[in-house]
Structures are given as structure tokens and as C-alpha cells.
Amino acid sequence: MALEWSHAVEPAGGVGIATTPAQTRRAWLHRADEQQVLALFRAVGADAPAPWWLRALARGKLPSRAAGFAVEDEVTDLLADRPGWVFVPWAADGEVGYWEFVPSESGVYGPAEPTTVQFTDRHPGWVDLLPAHRGPGTRQPIAFTPAALREQIEDLENIA
């Protein structure tokens, strides 16, 4: 079962660097019948590597895979054309990727973990903002929605 799932999350087609979440949607779980994908995911177990939207869908928190794609696309529409934002496609196995605000990587006090926008199934806004971080300790995600991100993006960029 685990081997079958690893094939389900493996991207098909040519290798290339994705610049948006939509370009990462090349695996079986993105194209196959949604109910088949859910059945296999549930059979493998909730700890299996999977995109945020599939975990939310499996728990009944998201109405469809398309709704998850719409969240990713809405964030992409906001960030893709803004200076300084870069999509990072290499996330944990099965995950979508995340957006980084590159100008926040350096500053007066030296290198930092950049401001990051990532997708999540831990709350119904589906977006976490991790502010730029320097020094010890871990960053704490701030729950956002795509609409709240759109509303506050200029302020977030100015803070970084």
C-alpha cells in the first residue's frame, strides 16, 4: 500500500522547476478520480505524505480538490507578479510548496529565515504566514486567508 501511495504522489512528466503551485499538479492524486484518491489516502493512513488540501478533504473540511486548487491559485494570483516573491516547489514529500519574500532574507542584523506563505490544513483559512525570523527559537505561523493576505500584503512586505 505504501508503495502504491508513493507512486500516487510522485509527479509525472518531465522534470522542471515549478514556479507556481499549479505547475506541481502532475501526480496521479491531482488527476485521478477524487473518490479513488480519497479511498487510497484513507487506506494508507493520515500520516502518509500528502498535500494540505487532501488532508483537509479527507477530514471533511474542504469540499473538493478543486476548492484546494482554487486557494492555491488565488494566492498565486496575488504573489506571482509582486516583486520579491518566489515560489519554492521543493517542500516535504507530497506537499505543494510555499512562497518566500526574498528581500526579507537579509537585513540590518544579518541573514534571516524569509517571510514565508505556506498552505495548511490546520485552520479553515488554509494559509499560514511565517514572518521573517532571526535568532534562536522557531517561527510561529499566523493564520491567514487568501483575502486577508491580499488585504495586508503591502504592510507585510514593508515590515520585512
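This is a predicted model: local features need pLDDT of at least 70, side-chain atom pairs count only at pLDDT 80 or more; totals for chains, interfaces and linings use all residues.
Residues are numbered from 1 along each chain as its sequence is written, and side-chain values use heavy atoms, with hydrogens and water left out.

**Helix 1**
- Helix 1 covers residues 2-9, and its buried residues are Trp5, Ala8 and Val9. (Helices are DSSP runs of H or I with at least four residues, strands are E runs of at least two, and both are numbered from the N terminus.)
- "Buried" means under 20% relative accessible area, "exposed" over 50% and "partly exposed" in between, using a 1.4 Å probe and protein chains only.
- Those buried residues pack against helix 2 (28-31), helix 3 (34-44) and helix 4 (52-58).

**The nonpolar core**
- The largest nonpolar core has 39 residues, and Trp5, Leu54, Val117 and Leu149 have the most contacts inside it. (Such a core is a set of buried Ala, Val, Leu, Ile, Met, Phe, Trp, Tyr and Cys residues joined through side-chain atoms within 4.5 Å.)
- Helix 4 gives this core its largest share, six residues.
- Leu54 touches Trp5, Val37, Leu38 and Phe41, leaving out residues up to four places away in sequence. (Contact means heavy atoms within 4.5 Å.)

**The largest pocket**
- By class, the lining of the largest pocket has 16 nonpolar, six polar and six charged residues. (Ala, Val, Leu, Ile, Met, Phe, Trp, Tyr, Cys and Pro count as nonpolar, Asp, Glu, Lys and Arg as charged, and the others, Gly among them, as polar.)

**Two residues in one loop**
- His133 sits in the loop between strand 4 (127-130) and strand 5 (142-144), and Pro141 lies in the loop between strand 4 and strand 5 too.
- His133 is buried, at 16% relative accessible area, whereas Pro141 counts as partly exposed at 32%.
- Not counting residues up to four places away in sequence, His133 touches Ala112, Glu113, Thr138 and Arg139.
- Pro141, with neighbours within four places set aside, is in contact with Arg122, Asp128, Leu129 and Leu130.
- Pro141 and Val117 are 24 residues apart in sequence and 9.1 Å apart in space, C-alpha to C-alpha.
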